[in-house]
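Please open the model in your viewer and keep the selection tool at hand. The stops below go from the whole chain to single side chains.

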Amino acid sequence: MGAGRSRRLAPALATGCLLLAACSSPTHPATSSTGGPHLPSGSTSSTAAPPYQSGTTLPAARTTGAMRVYATVPLSIGNGQVASAESPDGAVFVAPLTLAAGAAAPVVWVVDGDGPPAVAETLTAGVDALAADQANLYVANLTGVTAYTRRTGNQSGQWALPATATSSSPGQDPEAMSASDGQVLVSVSTGNAVSVYRINPQSPAAPQLVVQGLSAAFGPNGSVVYERTDHHLVALSASGATTVGPTLADAPNGLGGGVQYVNAVAGGDVWVSEPAGQGLDASFSTFDLSTLHSVGTFAGTANEQIVGTTGGVLALDAPYNTSVCPDANPSSECIVRLSPTGTLSDGSPAGATLQLLGPDPAVIAPDPSNTALEVERLS
């Protein structure tokens with residue numbers, strides 16, 4: 001590992017088929033939105049409004065042309081860092097991120113379609129990452145991972161992460177989580193390394209360590225793409241099959257650049273970033289997910305969010321470019337379509353957006369007053 005290297009994880013957005021452009025939003029029968037408070041034995045939740053399975057059929061996301069906001073849902077969350085997740089049926093979950101020991105226990109809010117937000121869970125511990133599948137909501141924090149049944153809101157499982165994987169020290173918290181195909185994946189960073197654990201939601205068995213590397217992102221069907229400690233790009237399937245790709249750059253330039261990181265898996269490709277340093281520009285390389293063969297290399301910006309959605313691969317915090325995003329101003333972020341060779345198109349201003357979600361495109365953004373947050377649905 002080169003001196004001065006800083007670890008980097010994919011953004012904590014990986015939920016259900018969040019990283020899969022091929023995911024689709026199924027049509028769901030309407031479900032009752034009634035349900036009272038509950039406090040099942042052993043639950044860490046004091047209030048909920050089950051069921052919070054999606055009862056809304058979302059509009060199909062357009063696959064050409066600029067994305068547009070068709071619904072805005074205000075949240076009772078102050079402007080700041082949050083954990084968020086979207087389930088395969090389009091329900092969006094948001095909670096304030098745990099930032100320090102002793103912070104107030106958060107509420108996890110759920111937005112079904114363009115309806116008003118509801119309290120999914122009121123927790124007695126913090127939140128570091130969220131994930132959701134058709135059956136469960138998953139909450140990760142320093143105590144481990146807890147599952148809540150979306151149909152009832154009751155706690156349905158709890159798994160402790162290894163003591164060496166969690167700590168009250170910075171940089172040792174769960175940072176991202178994914179739920180798909182009956183599996184839950186949790187990434188935990190420790191210094192310059194990342195560890196990924198797999199959980200079987202149907203079993204009380206302890207989380208299984210499946211990956212230790214330098215950066216990682218969740219792929220489809222319970223797979224993980226990561227940078228091995230020898231800097232090779234590696235894809236690990238849920239069945240344990242391994243594909244080894246090229247060696248990633250590891251030549252720190254003293255300014256935070258010169259090192260490649262696995263950024264995301266979206267649209268059948270692996271997206272690897274290489275910050276130039278100073279938190280500004282970055283270059284990106286893409287690799288075919290099935291073979292890890294090179295697809296393209298192009299310029300971008302540091303901390304760019306890349307997400308596979310039902311409308312295609314979208315990017316947030318793309319380069320300010322009036323030809324791509326004509327209604328933007330220099331301080332705007334844009335949502336753009338992004339090809340695996342770096343072509344930007346169909347830009348739409350997104351303001352000071354915090355997080356881009358999928359599979360049904362949505363963003364978490366500050367409201368007009370810049371004091372609270374809102375969910376903006378896109379199509």
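Accessible areas here come from the Shrake-Rupley method with a 1.4 Å probe, and for residues only the protein chains shown count as cover. On that basis, the accessible surface of the protein chain comes to about 14500 Å², and 53% of this surface belongs to carbon and sulfur atoms. The model is a predicted one, in which local features need pLDDT of at least 70 and side-chain atom pairs count only at pLDDT 80 or more, while totals for chains, interfaces and linings use all residues. Residues are numbered from 1 along each chain as its sequence is written, and side-chain values use heavy atoms, with hydrogens and water left out.

**The whole chain**

Begin with a cartoon view of the protein chain, which has 0 helices and 28 strands; helices (H or I, at least four residues) and strands (E, at least two) are DSSP runs, numbered from the N terminus. If you then colour by burial, 54% of the 379 residues are buried, where buried means under 20% relative accessible area, exposed means over 50%, and partly exposed lies in between (1.4 Å probe, protein chains only). A contact means heavy atoms within 4.5 Å, and among contacts between residues at least 6 apart in sequence, 49% join residues at least 24 apart.

**The largest nonpolar core**

Next, select Phe93, Val108, Val127 and Leu130, which are the residues with the most contacts inside the largest nonpolar core, a set of 16 residues. Such a core consists of buried Ala, Val, Leu, Ile, Met, Phe, Trp, Tyr and Cys residues joined through side-chain atoms within 4.5 Å.

Which residues does valine 127 touch, not counting residues up to four places away in sequence? Its partners are Ala83, Ala95, Pro96, Leu97, Thr98, Pro106, Val108, Val139, Ala140 and Asn141.

**Aspartate 89 and arginine 150**

The structure holds 3 salt bridges, each being a side-chain nitrogen of Lys or Arg within 4 Å of a carboxyl oxygen of Asp or Glu. Select aspartate 89 and arginine 150, whose side chains meet in one of these bridges at 3.2 Å, N to O. Aspartate 89 lies in the loop between β2 (82–86) and β3 (92–96), and arginine 150 in the loop between β8 (144–149) and β9 (155–159), so the pair ties together parts that are 61 residues apart in sequence. Aspartate 89 is buried at a relative accessible area of 2%, and arginine 150 is buried at 0%.

**The other salt bridges**

Move to aspartate 230 and arginine 228, whose side chains form a salt bridge at 2.9 Å, N to O. Are these two buried or partly exposed? Aspartate 230 is partly exposed at 35%, and arginine 228 is partly exposed at 27%.

Then select aspartate 346 and arginine 337, where the salt bridge has an N to O distance of 3.3 Å. Here aspartate 346 is partly exposed at 28%, whereas arginine 337 is buried at 10%.

**The aromatic cluster**

Now show the side chains of Trp271, Phe284 and Phe298, which ring pairs link into a cluster. Rings of Phe, Tyr and Trp (its six-membered ring) pair if their centres lie within 6.5 Å, and planes under 30 degrees apart count as stacked, over 60 as edge-to-face and the rest as tilted.

The structure holds 2 aromatic pairs. In one of them, the rings of tryptophan 271 and phenylalanine 298 have their centres 6.3 Å apart and their planes at 80°, so the pair is edge-to-face. Tryptophan 271 lies in strand β19 (residues 269–275) and phenylalanine 298 in strand β21 (residues 294–301), so this pair ties together parts that are 27 residues apart in sequence. The rings of phenylalanine 284 and phenylalanine 298 have their centres 5.8 Å apart and their planes at 10°, so that pair is stacked. It links distant parts of the chain, with phenylalanine 284 in strand β20 (residues 281–288) and phenylalanine 298 in strand β21, 14 residues apart.

Tryptophan 271 is buried at 0% relative accessibility, phenylalanine 284 is buried at 1%, and phenylalanine 298 is buried at 12%.

**The disulfide**

Finish at cysteine 325 and cysteine 334, which form a disulfide with their sulfur atoms 2.1 Å apart; a disulfide is a pair of cysteine sulfur atoms within 2.5 Å, and the structure holds 1. With -95° about the S-S bond, the link is left-handed. Cysteine 325 is buried at 2%, and cysteine 334 is buried at 3%.
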